[in-house]
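The stops below go from a helix pair to the charged pairs.

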Amino acid sequence: MKLTTQQIALIEETLVLNGLKYYDIKLEVTDHIASEIEERLCDKKSSFEVVFDEVLQKWKPELQPSFSGLIGFTNPRIMTVKCHKIVKRQLITVITISSLITLSLMVFVRNSSYGLVLANIQGALRSFVLVEFCLVILAWGLIWKSKIQTTYSYLMKKKSFGLIIFLFMIGIGLFPVMLNHPDAKIAFVSVFSVITYVLITGIYLQLAYKHFEFEKTLSFTKP
């Protein structure tokens, strides 16, 4: 038995009232709940209201407020779990790649005979960071203007302010890349921090792209 447009709208409204206001995950959960209600309506002779209450009770734990060490307090648990997985995967990827790049630079470039190469690397890195800074500012502004909220825009808004400040500091030289510092530990931390923020910026720009891609898809599906 297929649900009516009004019944599906009721499911969406209930999810929003329970804090699930982000379109991508709201549509996903709405689809799951609607499918489960349709199956139960076919299996037994009950009204939509009765079955809806039963299914909603089953989903209640996923709609409770929750906490993540990587995200902080968010609304429903299902949202927290999704965001936590995204950020955790990003951190593992970024830390691994940053470590490899930093070690490679320390081994192959950290040498007095490569002074010109070192200067070129540092200059190119600062220019690249300034480009990333401008792209993040642009994406941040477009996301704030967007009328659609997604988990991707949520993460972008939550994490981008500190990112913007640090990128600006790197770009204008307030946080230098000290690859040639006499202390190897200081050099490693300096380079690792910059590379990490460069990679994180790329990942958050991907989040912005996913948001706009979803927004575009949603605009095609709306009547």
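How many salt bridges does a search of the whole structure find? The search finds five, a salt bridge being a side-chain nitrogen of Lys or Arg within 4 Å of a carboxyl oxygen of Asp or Glu.

Before selecting anything, note that this is a predicted model, in which local features need pLDDT of at least 70 and side-chain atom pairs count only at pLDDT 80 or more, while totals for chains, interfaces and linings use all residues. Residues are numbered from 1 along each chain as its sequence is written, and side-chain values use heavy atoms, with hydrogens and water left out.

**Stop 1: helices α2 and α4**

Select residues 23-43, helix α2, and residues 77-108, helix α4. Helices here are DSSP runs (H or I, at least four residues), numbered from the N terminus. The two pack at an angle of about 120°, and their axes are 11 Å apart. Axes are lines fitted to C-alpha atoms over the stretch in contact, and angles run from 0 to 180 degrees between N-to-C directions. That angle makes α2 oblique to α4; oblique is what remains after roughly parallel (under 35 degrees), roughly antiparallel (over 145) and roughly perpendicular (65 to 115).

Now show the contact (heavy atoms within 4.5 Å). On α2, pick Asp-24, Ile-25, Glu-28 and Val-29; on α4, pick Ile-78, Met-79 and Lys-82. These residues divide into four nonpolar, no polar and three charged; Asp, Glu, Lys and Arg count as charged, Ala, Val, Leu, Ile, Met, Phe, Trp, Tyr, Cys and Pro as nonpolar, and the others, Gly among them, as polar.

**Stop 2: Lys-82 and Asp-24**

Keep these two selected. Lys-82 and Asp-24 form a salt bridge, with the closest N and O atoms 3.0 Å apart. The partners, in α4 and α2, are 58 residues apart. Asp-24 is buried at 8% relative accessible area (buried means under 20%, exposed over 50%, partly exposed in between; 1.4 Å probe, protein chains only).

**Stop 3: helices α2 and α3**

Glu-36 lies in α2 and Lys-58 in α3 (residues 48-59), so the bridge ties together parts 22 residues apart in sequence. Glu-36 is buried, at 14%, whereas Lys-58 is exposed, at 52%.

Next select Glu-54 and Arg-40, another salt bridge, with the closest N and O atoms 3.4 Å apart. Glu-54 is partly exposed at 30%, as is Arg-40 at 25%. Finally, show Glu-36, Arg-40, Glu-54 and Lys-58 together: salt bridges that share partners join them into one network.
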